[in-house]
2 protein chains.
Amino acid sequence: MFELDARIERDTSPVGVLPLCAIRLHHDARYPWVLLVPQRAGVREIHTLSKADRAALTEESAAVSAAMQRLFGADKMNVAALGNMVPQLHVHHVARFASDDAWPGAIWGAHPAASYEAGALGTRLERLRLAFADIEGFTAAS
Amino acid sequence: MFELDARIERDTSPVGVLPLCAIRLHHDARYPWVLLVPQRAGVREIHTLSKADRAALTEESAAVSAAMQRLFGADKMNVAALGNMVPQLHVHHVARFASDDAWPGAIWGAHPAASYEAGALGTRLERLRLAFADIEGFTAAS
């Protein structure tokens, strides 16, 4: 049975779910940063998902990426499945800007995470839920 | 018309092609590191590919990732579309090991690139071509 990894649970907040993936907002306020976590138990690599699940992940990822780029006016979306630290398969979606503090490098390891200010996390979650409302099969977390 | 980005051309060597993507080996010898470059002009984001091309990229990426993990006995595959520096869409496939010099962090920015020793680049290209020979539609570079 699928259960969200404890570290992902701690470091992120729920935006909502799609047919395959849970959508989580990372608590690092430096970047608009969303994880997609396929709700399948024991999967670590994209290539070990079933072909049908991989197709679903691909389309859910593209829809989230497009919506984030539109919402934030990002210069580039970074989409990555790394998972060296947390074994549960998760795909990072990070809105990048030529003005952000890691540009043009990768964000991982560049800076310690910064906390959202009071209220800002809730506001961002709400904006993301609105931006994702058009994606087929999206259900917002309450 | 599709033309390979000059920086990718310089930093990588051709392994071969798949129906959608050119497969290139990165010259940084620290990690087995392959790029897939969809042969489509002017595309920067996965979400702006056509749905059919996105499906092809997904399956080509999964096949390359599985073959690399098998060939190298990797602990984890890192698969990432970043593209903050090189605008042409390209997807990194990096075989990672608990013993590598960036583990468990990301490889980008961790260390300067290391050169392959004489002969080692050609050997790795040949091993990759053999490993990818089973992938549908693969043609080795000569």
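**Buried area, and how to read these views.** Buried area is the accessible area, found with a 1.4 Å probe, that two parts lose on being put together, summed over both. The model shown here is predicted, with pLDDT of at least 70 needed for local features and 80 or more for side-chain atom pairs, while totals for chains, interfaces and linings use all residues. Residues are numbered from 1 along each chain as its sequence is written, chains are lettered from A and ligands numbered from 1 in the order in which they are written, and side-chain values use heavy atoms, leaving out hydrogens and water.

View 1. B:His47, B:Lys76 and B:Asn84 supply 25% of what chain B buries against chain A, more than any other three residues. The contact (heavy atoms within 4.5 Å) draws 28 residues from chain B and 28 residues from chain A.

**View 2. Polar partners hold a place at the interface.** Here you can look for 27 residue pairs in polar contact between chain B and chain A, both residues at pLDDT 80 or more. Such a contact is a pair of N or O atoms within 3.5 Å; within protein, one must be able to donate a hydrogen and the other to accept it, and residues adjacent in sequence count only if both atoms are side-chain atoms. On the side of chain B that touches chain A, α2 (51-72) and β4 (76-81) of chain B each supply at least two residues. The most comes from α2(B), with eight residues. That side of chain B divides into twelve nonpolar, eight polar and eight charged residues, where Ala, Val, Leu, Ile, Met, Phe, Trp, Tyr, Cys and Pro count as nonpolar, Asp, Glu, Lys and Arg as charged, and the others, Gly among them, as polar.

**View 3. One sheet includes strands of both chains.** Helices (H or I, at least four residues) and strands (E, at least two) are DSSP runs, numbered from the N terminus, and two strands pair if DSSP finds at least two bridges between them. Twelve strands form an open sheet with antiparallel pairing, in the order β6(A)-β1(A)-β2(A)-β3(A)-β5(A)-β4(A)-β4(B)-β5(B)-β3(B)-β2(B)-β1(B)-β6(B). β6 (139-140) of chain A and β6 (139-140) of chain B stand at the edges with a single partner strand each, so one side of each has no neighbour in the sheet. β4 (residues 76-81) of chain A pairs with β4(B) in the antiparallel sense over three bridges; there, A:Ala80 stands opposite B:Ala80.

View 4. A salt bridge here is a side-chain nitrogen of Lys or Arg within 4 Å of a carboxyl oxygen of Asp or Glu. B:Arg54 meets A:Glu59 in a salt bridge at 2.8 Å, N to O. In chain A, A:Asp101 and A:Arg30 meet at 2.6 Å, N to O. This pair links distant parts of the chain, 71 residues apart: A:Asp101 is in the loop between β5 (91-96) and α3 of chain A, and A:Arg30 in the loop between β2 and β3 of chain A.

View 5. The bond from A:Trp103 to A:Pro104 is cis, with omega near -5 degrees. A:Pro104 has its place in the loop between β5 and α3 of chain A.
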